[in-house]
Amino acid sequence: MSTTLFRTFQPNQFSLLGTSLLRRRRSNNFSVRSCGSQTTTTHEAKQSSPTRVAPKNHKSNKLDEILRDYEAVIGIETHVQLSTLTKAFCSCSNNYGSYPNTSICPVCMGLPGALPVLNSKVVEFGVRLGLALNCDLSLKSKFDRKQYFYPDLPKGYQISQFDIPIASGGYVDLDIPLEFGGGHRRFGITRVHMEEDAGKLLHSDTGDYSQVDLNRAGVPLLEIVSEPDMRSGIEAAEYACEMQRIARYLGVSNGNMQEGSLRCDVNISIRPIGQAEFGTKVEIKNLNAFSAISRAIDFEISRQALLYNQGKADQIVTETRLWEEGAQKTVTMRKKEGLADYRYFPEPDLPEVILTKEYVDSIRASLPELPEAKRRRYEAMGLGMQDVLFLANDVSVAEYFDAVIGKGAEVKLAANWIMSDIAAYLKNEKLSINDIKLTPHELAELIAAIKDGTISGKIGKEILFELLAKGGTVKGMIKAKDLVQITDPVEIEKMVIQVVSENPKQLEQYRSGKTKLQGYFAGQIMKMSKGKANPGLLNKILLEKLNAKD
Amino acid sequence: MLSTLQPPRSLSLLPLRRLRNSKTIVSAASSTTSVISPPQSQILTTRRSLLSGETTAVEIAKSYLSRIRLTEPQLKCFLHVSENVLKDAQEIDQRIAKGEELGPLAGVLIGVKDNICTQGMPSTAASRILEHYRPPFDATAVKKIKELGGIVVGKTNMDEFGMGSTTEASAFQVTANPWDLSRVPGGSSGGSAAAVAARQCMVSLGSDTGGSVRQPASFCGVVGFKPTYGRVSRFGLMAYASSLDVIGCFGSTVADAGMLLHAISGYDRFDSTSSKQDVPEFQSQFLSMDHFESKPLNGVKVGIIRETLEDGVDSGVRSATQEAASHLEALGCVLTEVSLPSFSLGLPAYYVIASSESSSNLSRYDGVRYGNQVMAEELNKLYECSRGEGFGGEVKMRILMGTYALSAGYYDAYYKRAQQVRTLIRKDFKAALEQNDILISPAAPSAAYKIGEKKDDPLAMYAGDIMTVNVNLAGLPAMVLPCGLVEGGPSGLPVGLQMIGAAFDEEKLLKVGHIFEQTLKGSSFVPPSLANVP
């Protein structure tokens, strides 16, 4: 019964999810809410605003028919910028957004005579991510030099890992949100390797010159290469989303796409269904939102399918294409003439990276519960997939939820409070769940107080906002405000009798068939009790009195 | 042959004579065995005379600076002479006056090869592309030297980026051999070797990638020490071939080279390839001759490498090496001939590996952040012109060879194969050094040759590295010290003996070398070429 009550007092409970669902469907926009951060609310507005419709939706049913004959093969290279305090090979601080060229030293500037020294945190994070992605770890790996000339690359080579990555041969499990058809997927992970980032070029407005900012040069990255296991834009976007989630769960990166902390390059080809060999592969860059990944892929599938269909398959060439967010299309960035030769060779300035079994075991033991395990656990608790995905999406939310149920709160109730009122509050106030004053313990107390009838659900919701903003204890607040629910039938009956007798006109109307007036009476009694009357009891007694034959 | 040796005429005019005559710890007044007294450590002599108040650091510095002024127009050892030498010397004198503790290198005048970074002082690796470049930091070796009281005299000439065996590949000047101004000093650390030979500085730092310390030491008649890979930090050494490069030392005696080596050795957290092995106190090895037993090297097992005395080695060099071996036997060593089957494979493997690594290491010289930038319309042109005009011919050739060797489709045939050869060479050395305490060979197939002689024949020049490159491939320590003279030049040309030790066993090389040097009769390796100096 308490559940029912709870709901009647919370008419907007699902409005938050409801509207976002609609929005997603309309724009074919990948679910920013389910994947995007609770913490970066400022970006949410931008991403969830109505977007121009992808070409797939433009075109006639004919395109859909054409698309039915082809299958897309998609692989993703993800660069995760690690949130280490210092850079990968020097002691410069790893700060995003510093004034250009203020976080640099002879090593990351590539001055003559400077040598790299590996930051051990990079290895630790590599092992963490490798384990989280169910990979085999190379107990002996090494660094290699990847050589090319570009002004943002100070040494003329990037220190990376070539033939022996720190981790390889793993997989990731994820759940597709229900609104995209639902279902569980497993995508292969080819490898995870450690490398350093390059600097940034700032081009002048006139195009006359470019400036080099080396603050980012030498910042550690983990590159995750997936198997070509994805078949649609949604799957690819969900994969990228899961990478962000895992990085955040592990604490190895803030995973922020706008800052470039998480960068995805997509490789995509299509082939007629039934064909075993792959088609010509195209790489798409400049994808800095999950929605962009989804839409760029859908665009690219359509583009390639049309070319196939028109007998122009030879116009699909190995190239790098750029996603143009404004025009919602991909355009050629550069055509590759064969494979670029990076002349990889082992980095002679760095010793091999040797991992001991003890080291790996200690890191394995320190891993947090990962998103997939959390989802399966929440599912086993009886939560619906919508709830599961919502709660497990953000590691802070999940931790909060776990703490609340850890204090004995009923699972479904705890989920509802977090997903509705608390989520709405966070959204309005542009806060993260870590910012609120309401401790998980007090939320559990609040839920318990409602459940055992100490206070009503309505009162509970009222004090929730005060607890969120100011903190304090549920017990203290109930006492200070004298909020204890009136559950004494005698006391309620007194109030019922008083209200009924003070409204003879309405009583008459009620008895002549206008039974909707029960709500009016209930409201008056609730008002008299200052909201403290137990609604169930109140309604029960009220009905008795209203229907009693005098 | 030895009769051609002239007493050093011009040097008698110079203050050096006074230093050489002052009392020393090493082999003081022990010239009963020979007309020519054994060489004396300049570092210890300096220390003694400073502590006794016999002279001051400023006086010593002035004498060296005046010798540089007199000899430099002919020799051209230095690309840059420090303006701070006298100021640094004054500081030492002030410390002495205040009775403060003196570092072991206090007042010692040290030349530093131009590819080793010195803060605020030009460091160009003798390349146009780094002309006027002044690094913002000291190489670890330089930092250590300064902390111990050493004074950097200046930056010595070299083959551009260490690529060459004659110092003719410097972008700026050709250094002459002090023994014969028409000859090369060797290379690539030719400036450092010649400067010590000409007593322009007491000791100097060089770098050795394939013999660049040892071969010029042989050509110039000085001691050159190439330590074990990892013994000395490479931080601040402009990389040529990172897996082979080491900073090495020159001195006019084994003791000097050894004490300088001690000063710069040890683990450095800025170089992940530097070793945490303990650095023993080398100095105890430099006993004065009075303390020598009759057979001071009794039982030391010496292997003479058969392959280094075969065809292609000058007869004079061969006989000097054999005489040196006999001398070691006389000191009590047990001499055997050893064979290193992989020996001849080393040279091609070395040139593949060194060129490959250099093609990568020199990528950073792109004209974007420092060094000479040639303005151009677009990016590729900027690279092309900056590098095209900045690098010399030898450097370009090695970059091209290395780029080729690392290219897709060629990697396995060249780079990978060369690494396999490297493993073989390491194994052969290891086996030979399990049987012997040290191995000996000539330092080079010939004595110093004429300037220009091999300039247009790179293969002939590369072949001259055959004695030394294997040691770098194996990462072992090796020392070259003068062991005799051959005919040539106005008064003969020095020939060096190479001693190779087991990894991190520098101590043994210094011990054997020191005793060899102090007991070698009849030779004084002071070049006469300063006769041109008025």
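User: In this predicted model, is Arg295(A) buried or exposed?
Analyst: The relative accessible area of Arg295(A) is 1%. The cut-off for a buried residue is under 20%, so Arg295(A) is buried.

User: Which residue does Arg295(A) meet in a salt bridge, and in which loop does that partner lie?
Analyst: The side chain of Arg295(A) forms a salt bridge with that of Glu325(A), at 3.5 Å from N to O. The pair links distant parts of the chain, 30 residues apart, with Arg295(A) in helix H10 (residues 290-309) of chain A. The partner is Glu325(A), in the loop between strand S13 (319-324) and strand S14 (329-335) of chain A.

User: Which residues of chain A are joined into one network by salt bridges that share partners?
Analyst: Side chains of opposite charge can pair when their charged atoms come close. Here, salt bridges with shared partners make one network of Asp175(A), Glu242(A), Arg245(A), Glu372(A), Arg375(A), Arg376(A) and Glu379(A).

User: How many salt bridges does the structure hold?
Analyst: The count runs over all chains. A pair is counted when a side-chain nitrogen of Lys or Arg lies within 4 Å of a carboxyl oxygen of Asp or Glu. The total is 55.

User: How many residues apart in sequence are Glu71(A) and Arg271(A), which meet in a salt bridge?
Analyst: The N to O distance in this salt bridge is 3.0 Å.

User: How are Lys121(A) and Glu124(A) separated along helix H8 of chain A?
Analyst: The two form a salt bridge, with their closest N and O atoms 3.2 Å apart, and Lys121(A) is partly exposed at 37%. An α-helix has 3.6 residues a turn, so residues three or four places apart point the same way. Lys121(A) and Glu124(A) are 3 residues apart in helix H8 (residues 120-132) of chain A, a separation of about one helical turn.

User: Which strands stand at the edges of the 9-strand open sheet of chain A?
Analyst: The order of this sheet is S2-S6-S7-S10-S1-S11-S12-S13-S14, and its pairing is mixed. Each edge strand has a single partner, so one side of each is left without a neighbour in the sheet. The edge strands are strand S2 (136-137) and S14 of chain A.

User: Which residue in S13(A) stands opposite Lys285(A)?
Analyst: Strand S12 (residues 282-287) of chain A and S13(A) run parallel and are joined by 4 bridges. In S13(A), the residue opposite Lys285(A) is Leu322(A).

User: What is the bridge partner of Arg145(A) in S15(A)?
Analyst: An open sheet of 3 strands in chain A has the order S5-S4-S15 with antiparallel pairing. Its edge strands are strand S5 (157-160) and strand S15 (345-346) of chain A. Strand S4 (residues 144-147) of chain A pairs with S15(A) over 2 bridges. In S15(A), the partner of Arg145(A) is Phe345(A).

User: What share of residues 399-546 of chain A is helix?
Analyst: UniProt, in an unreviewed entry, lists this range as "domain: Asn/Gln amidotransferase". The end C-alpha atoms of the range are 49 Å apart, and strand makes up 0%. The helix share is 72%.

User: Over which residues of chain A is the pLDDT below 50?
Analyst: The mean pLDDT of chain A is 87, and 88% of its residues reach 70 or more. The stretch below 50 has 104 contacts in the model beyond near neighbours in sequence. The stretch is residues 1-58.

User: How many residues of helix H8 (residues 254-264) of chain B are buried?
Analyst: The helix has 11 residues and is mostly covered. The buried ones include Val254(B), Met259(B) and Ile264(B). The number buried is 10.

Definitions and conventions. Residues are numbered from 1 along each chain as its sequence is written. Chains are lettered from A and ligands numbered from 1 in the order in which they are written. This is a predicted model: local features need pLDDT of at least 70, side-chain atom pairs count only at pLDDT 80 or more; totals for chains, interfaces and linings use all residues. Side-chain values use heavy atoms; hydrogens and water are left out. Buried means under 20% relative accessible area, exposed over 50%, partly exposed in between (1.4 Å probe, protein chains only). Two strands pair if DSSP finds at least two bridges between them. UniProt positions are given in the numbering used here, feature names are shortened, and annotations may be inferred rather than shown by experiment. pLDDT is the predictor's confidence in each residue, from 0 to 100. Contact means heavy atoms within 4.5 Å.
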